[in-house]
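Biologist: I have not seen this structure before. Please go through it with me and say what each term rests on.

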Amino acid sequence: MSEPTNESQIEQRDAAIGKLAARLGVRAERGRRFAELTSLRVGGSIDWVISPETEAQAAGVVHALGEAGIGWRALGSGSNVLADDCEHHYVVLSLKDLKGEVHFDGQLVQVSAGYSLPRLCVDVARQGLSGIEGLGGIPGTVGGALWMNAGAYEHEIGKVTETVRVARGGQVVEIRGSTVQWNYRHASFAEGELLLGAVLRLQPDDPEKILARMEEAKSRRMATQPHGGRSAGCFFKNPPESSVGTGKIIDEMGMKGARRGTAVVSPVHANFIVTEGENARAEDALALAEEIRERVKREQGIELEYEVELWRSNGPPKRDPDVPE
Ligand SMILES: Cc1cc2nc3c(=O)[nH]c(=O)nc-3n(C[C@H](O)[C@H](O)[C@H](O)COP(=O)(O)OP(=O)(O)OC[C@H]3O[C@@H](n4cnc5c(N)ncnc54)[C@H](O)[C@@H]3O)c2cc1C
């Protein structure tokens, strides 16, 4: 969708956003940065952040934005996004307030897109429902998990998704999970589809046993991945042509601890890039990631594919005059 290119177009767009936010009763903010909204803690300014609290509101917002020709992107917890340091001239639709309540109906669990995935894993375990306990340590929202087909420790969200609610024509529409192709860290939703919530079908089991399995998965994660640091999980997918995981490939090249400015290859897990400091920059993380890709290509003949989403902007980099180049 088009970006405003001159002052008058920006004024028109801003007025349209103000109007639609007031009409639909949603919070619309300016002056936010990706550095505050993503787990890597990097990334530039965002023109507008709109935060719907209900599925109907969210459907109304994207419909109104579409009608006004205003570009937007959905953001959950920002735990799988590397946004560049430039000015991002579009609307970020933040789903984190679209939490609602979880509804249980036998083996079926209905949840909204902004609900925390780790929290959902605990809720369903306590209800004696199994099937997502391996996902308990993934720090995202349900919407982000559906979009990426999040998975860990033999569990994958797509495998238990009965239906997904999406925004179409300003309405909340339910589609069957079986109509979606759930691949490795990718689901076949159309670009620009907004996911509002889902119904999961889980299996009954003893809550104690489910919680124990979840703790076991979390301990394995704690032992093998950096925690408390600023990362976006695995940066690259595991290559299908290799029997060795990407982390091991990078580790064997001796790149643990490699640094570019404010970005470092985690000494704990070589497929994690972590950022450091108040003034961490996306360009450092991206340069380090590209260096890894080039070396893996040159030395192993393997083309690594990003698992993290790169959100690029064409705007000029906004540099803080107090931060040295
Ligand atoms: C420490 C750490 C460990 C991790 N471990 C794992 C792991 O084991 N397995 C795994 O799969 N991932 C892992 N991740 C990656 C990440 O947490 C998951 O991909 C998570 O599901 C992303 O959810 P999110 O809400 O943060 O999505 P975001 O990062 O906000 O968004 C990711 C993508 O989903 C889209 N999206 C988000 N919500 C919606 C919506 N409602 N409608 C449409 N599109 C939407 C965004 O536009 C974007 O394209 C890890 C990340 C970290 C930081």
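Biologist: Leaving aside neighbours within four places in sequence, which residues is Gln203 in contact with?

Modeller: They are Gln107, Leu129, Ser130 and Gly131. Two residues are in contact if their C-beta atoms, placed from the backbone, lie within 7 Å. Before going on, note that this is a predicted model, in which local features need pLDDT of at least 70, side-chain atom pairs count only at pLDDT 80 or more, and totals for chains, interfaces and linings use all residues. Residue numbers start from 1 along each chain as its sequence is written.

Biologist: Why is Gln203 called exposed?

Modeller: Gln203 has 11 C-beta neighbours inside 10 Å, so it counts as exposed. It is found in strand β17, residues 203-204. Strands (E, at least two residues) and helices (H or I, at least four) are DSSP runs, numbered from the N terminus.

Biologist: What makes Arg165 buried?

Modeller: Arg165 has 22 C-beta neighbours inside 10 Å, and therefore counts as buried. Arg165 lies in strand β12, residues 161-168. Apart from neighbours within four places in sequence, Arg165 is in contact with residues including Glu55, Val172 and Leu196.

Biologist: Why is Arg185 called partly exposed?

Modeller: There are 19 other C-beta atoms within 10 Å of Arg185, so it falls in the partly exposed class. Arg185 is in the loop between β14 (182-183) and β15 (186-187). Its phi is positive, about 55 degrees, although Arg185 is not a glycine.

Biologist: Which class does Glu154 belong to, buried or exposed?

Modeller: Exposed, because Glu154 has 10 C-beta neighbours inside 10 Å. Glu154 also has a positive phi, of about 70 degrees, although it is not a glycine. It lies in the loop between β10 and β11 (155-156).

Biologist: How do you know that helix α3 has close to the expected span?

Modeller: The expected span of a helix is 1.5 Å times one less than its number of residues. Helix α3 (residues 55-68) has 14 residues and reaches 20 Å from its first C-alpha to its last, close to the 20 Å expected. Buried residues in α3 include Glu55, Ala58, Val61 and Leu65. After α3 comes Gly69, with a positive phi near 70 degrees.

Biologist: What makes Leu82 buried, and which members of the largest nonpolar core touch the most others?

Modeller: Leu82 has 26 other C-beta atoms within 10 Å, so it is buried. A nonpolar core is a set of buried Ala, Val, Leu, Ile, Met, Phe, Trp, Tyr and Cys residues joined through C-beta atoms within 7 Å. The largest one has 87 residues, of which Leu82 and Ala285 touch the most other members. Helix α8 (residues 282-300) gives the largest share of this core, seven residues. Leu82 itself is found in strand β5, residues 81-83. Beyond four places in sequence, its contacts include Leu40, Ala232, Ala285 and Trp311.

Biologist: Which residues around the ligand are the closest?

Modeller: Gly76, Gly140, Gly143, Gly144 and Gly233 are the closest of the 31 residues that surround the ligand. A residue is near a molecule if its C-beta atom, placed from the backbone, lies within 6 Å of it. The largest share of the shell, five residues, comes from α5.

Biologist: How do the residues of that shell divide?

Modeller: Into 15 nonpolar, 13 polar and three charged. Ala, Val, Leu, Ile, Met, Phe, Trp, Tyr, Cys and Pro count as nonpolar, Asp, Glu, Lys and Arg as charged, and the others, Gly among them, as polar.

Biologist: Why is Ser79 called buried?

Modeller: Ser79 has 21 other C-beta atoms within 10 Å, so it is buried. Ser79 sits in the loop between β4 and β5. Not counting residues up to four places away in sequence, Ser79 touches Ser39, Pro139, Gly140, Gly144, Ala232 and Gly233. The C-alpha atoms of Ser79 and Gly144 are separated by 8.6 Å.

Technical notes:
Buried ≥ 20, exposed ≤ 12 C-beta atoms within 10 Å, placed from the backbone.
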